[in-house]
Amino acid sequence: MSEHFEREEGFIPKYILEELAEKGDEDAKRTLAGMQELAMKEDQVKKKNIESQAGNNTLEANASVYPKRGVYDSQGTGELQHKLARQEGDPPNSDQVVNLSYDFCGKTLEYFKLMLNRNSIDGNGMDVISNVHFRKDYNNAVWLPSQNQLALGDGDGKRFINLGRSIDVVAHEMAHGVTEYVNHLDYTRQSGALNEHFSDVIGTAVQQYVKGQTAQTADWLIGDEIVGSEFRGKALRSMKEPGTAYFGDRQVAHFSKYMDIPLSDDGGGVHYFSGIPNKAFFLAAMQLGTDPATLLWYTALHDRGTIRRDAKFVDLLKALLIAAEKLIRQGELPQSAISVVTSAFSEVGILLPVHA
Ligand SMILES: [Zn+2]
């Protein structure tokens, strides 16, 4: 397996597209080829950036810089910033997909600012560039860390539709950008599942915020707005009941089902095993509310002493308990938050090690 896919590769996991391609789906095959090409370009730029930017990564919030949005129309090509369609302050465009992308990037930025006190993806007011109508019938949406840009396909109209028209897709991908800046979680095995998990947390939180839902009224589905009539299921993932979103859904919801599998298989199962912390988040949000739970998770992921690049699920639990104590002291969370988190994780089989 090449190292190209050992990281975030798009909203729709590669193994789902591979299954479709094996059944002769030409759109899935084309999307996979496009993903490979993007990944190779990413690697080239990333190598250059690592050399030039080492040690130059600030997390300081700069309140005086306001992020501006730019939406570009790729017009079915694989080019980024192909044709500027709408930028910050412009009136609505005649293309609804352009307007939705503009609005969804804006709502996600608003959520970061209001709920997490984060100024854009880099914490420093970075502009948000999205590219819609990326490639032709492209069955994916991706955050490109080397370019700091979103690329959103239209889907083939059969299995997948409207990738640029779904708020949880946009928020999920922008959250991958945040993870790049906050802790660089390796996109393999448990750390990769935590990377995916955090994007699902932000995806669902922003969707609930925009739709005016609560933990109790939300459906907790990820990608439910982008599956088409020929997709055999209701969504790509369920945070409430991992493993039930579609026919053949491989997500698991309990740590007893975790195993180290080859990295060639979904980066060691980053999308399969993200179901475990996803379920714990759902359980905690039902008690604390989605926004307080999201603030708690976000705060925990900044604990660089505990959440290292290769962090495991139990490290998230440790970081959450430290973050909960801090937020309780600040009056942002109730005293019960510690026991809520502990029991949510124990329900999915993750316990703190007992010292003799
Ligand atoms: Zn993702």
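The model is a predicted one, in which local features need pLDDT of at least 70 and side-chain atom pairs count only at pLDDT 80 or more, whereas totals for chains, interfaces and linings use all residues. Residues are numbered from 1 along each chain as its sequence is written, and side-chain values use heavy atoms, with hydrogens and water left out.

On the side of domain 1 that touches domain 2, helix 3 (96-116) and helix 4 (167-182) each supply at least two residues, helices being DSSP runs (H or I, at least four residues) numbered from the N terminus. Helix 4 gives the most to this side, with 11 residues. By class, the side comprises 16 nonpolar, 6 polar and 7 charged residues, where Ala, Val, Leu, Ile, Met, Phe, Trp, Tyr, Cys and Pro count as nonpolar, Asp, Glu, Lys and Arg as charged, and the others, Gly among them, as polar.

The two domains, whose bounds come from an automatic or database domain assignment, span 59-182 for domain 1 and 189-347 for domain 2, and their centres, taken over C-alpha atoms, are separated by 22 Å. In contact (heavy atoms within 4.5 Å) are 29 residues of domain 1 and 32 residues of domain 2. The area buried between the domains is about 2,700 Å², with carbon and sulfur atoms giving 63% of it; this is the accessible area (1.4 Å probe) that the two parts lose on being put together, summed over both.

A search of the whole structure finds 19 salt bridges, each a side-chain nitrogen of Lys or Arg within 4 Å of a carboxyl oxygen of Asp or Glu, and 1 salt bridge is found across the interface of domain 1 and domain 2. Glu230 is paired in a salt bridge with Arg159, their closest N and O atoms lying 3.9 Å apart.

The zinc ion has as protein donors His172 (NE2), His176 (NE2) and Glu196 (OE), which lie 2.1 Å from the ion; donors are N, O and S atoms within 2.8 Å of the metal (3.2 Å for Na, K and Ca), and water is not among the atoms, so sites may look incomplete.
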